[in-house]
Amino acid sequence: MDYNLCDINTVTALLKRHGFKFSKSLGQNFIIDEEICPAIAEALNADRKTAVLEIGPGIGVLTKELCRVAGKVVSVELDKRLFPVLEETLGDFGNFTLVEGDFMKLDLAELIEKEFSGYDKIKVCANLPYYITSPVIMTLLESRLPIDEIVVMVQREAAQRLCAEAGTKECGAVSAAIQYYGNAEILFEVGRESFMPSPKVDSAVIRITPIADKGYGIDNEKAFFALVKAAFSQRRKTAVNSVSATLGIPKDKVTEALRELSLDENIRAEKLTMEDFAGLTKRLF
């Protein structure tokens, strides 16, 4: 049966039939704007040779659109209460597979190898709750998985931070990390009225395209990320003070490194570009 999962009455009846109640701790907000999910699915540029890994299918409103454009969709869901709901809403799709578990605890490489063998492209899609946005994205990038694209919906303010370029006021440690691993862009915004229940903030859909090597010339990734995290740990302080206090590196050594890069010794982390961070890593470690 083809349910209209963007119709409030349909969704209400469906959830009532299964005795389901929303969980605030899991950040459950289901999309009820019928234009949003087709737009997200279209943004993936998927075809029948594309496999999609979805995080948290909810009641399947986005999942249905993914199944229509991709060859296979594997959705990871933590809330077992949604399993019978998904069985009802997605039962007609033969290219859908539901995997039980906590996405952050799964062996993603093993999952991809098992489920997506033979597909030309692998993409990740999700409507992410705020509390797991950064951990999920960084897990996907740091794992160096064979993923071609990540298209996710997050809170609008988070989207602005995640897609911010190094050297701009909005940039933070996670922004710089994402920029190290690939390119990020905001595709479109989604109003809070597009969800059930309606959250207190608006959202945005972003695309992250992993790139194997962006040419920053960083040999010591561990040191690079430690430096970035330290620099942003005390945003109101200068980079010298933040790095010195967090990593225990003498201030004069950090100051000298900045001078060698022709940078102001009172510069703050938000003014440092990726090339600056790369240069500081080489000089400090």
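**Close-up 1. Packing of helices α10 and α11 in the predicted model.** In this predicted model, helix α10, which spans residues 239–247, packs with helix α11, residues 251–260, at an angle of about 135°, their axes lying 9 Å apart. That angle makes α10 oblique to α11, and the crossing in which α10 passes α11 is right-handed. The residues that meet here are Val240, Asn241, Val243 and Ser244 from α10, and Lys251, Val254, Thr255 and Leu258 from α11.

**Close-up 2. The buried and exposed sides of helix α5.** Within helix α5, residues 108–115, the buried residues are Leu108, Leu111, Ile112 and Glu115. Because these residues cover an arc of only 95° around the axis, they fall on the same side of α5. Glu110, Glu113 and Lys114, by contrast, lie on the other side of α5 and are exposed. The cover over the buried residues of α5 includes the strands β2 (50–55), β3 (72–77), β4 (96–100) and β5 (121–127), together with helix α6 (133–142).

**Close-up 3. Packing of helices α6 and α8.** Helix α6 packs with helix α8, residues 173–181, at an angle of about 30°, and their axes are 10 Å apart. The two helices, α6 and α8, are therefore roughly parallel to each other, and their crossing is left-handed. On the α6 side the residues that take part are Ser134, Ile137, Met138, Leu141 and Glu142, which meet Val174, Ala177, Ile178 and Tyr181 in α8.

**Close-up 4. Burial of helix α3.** Helix α3, made up of residues 61–69, is mostly covered, since 7 of its 9 residues are buried. The buried residues of α3 are Val61, Leu62, Thr63, Lys64, Glu65, Leu66 and Cys67, a list that includes the charged side chains of Lys64 and Glu65.

Conventions: Residues numbered from 1 in each chain as written. Predicted model: local features only at pLDDT ≥ 70, side-chain atom pairs only at ≥ 80, totals over all residues. Heavy atoms only, no water. Buried < 20%, exposed > 50% of the residue type's maximum accessible area, 1.4 Å probe, protein only. Helix = DSSP H or I, 4+ residues; strand = E, 2+ residues; numbered from the N terminus. Arc of directions from axis to C-beta. Contact = heavy atoms within 4.5 Å. Axes fitted to C-alpha atoms, helices over the stretch in contact; angles between N-to-C directions. Parallel < 35°, antiparallel > 145°, perpendicular 65-115°, else oblique. Left-handed = near helix turned anticlockwise from the far one by under 90°.
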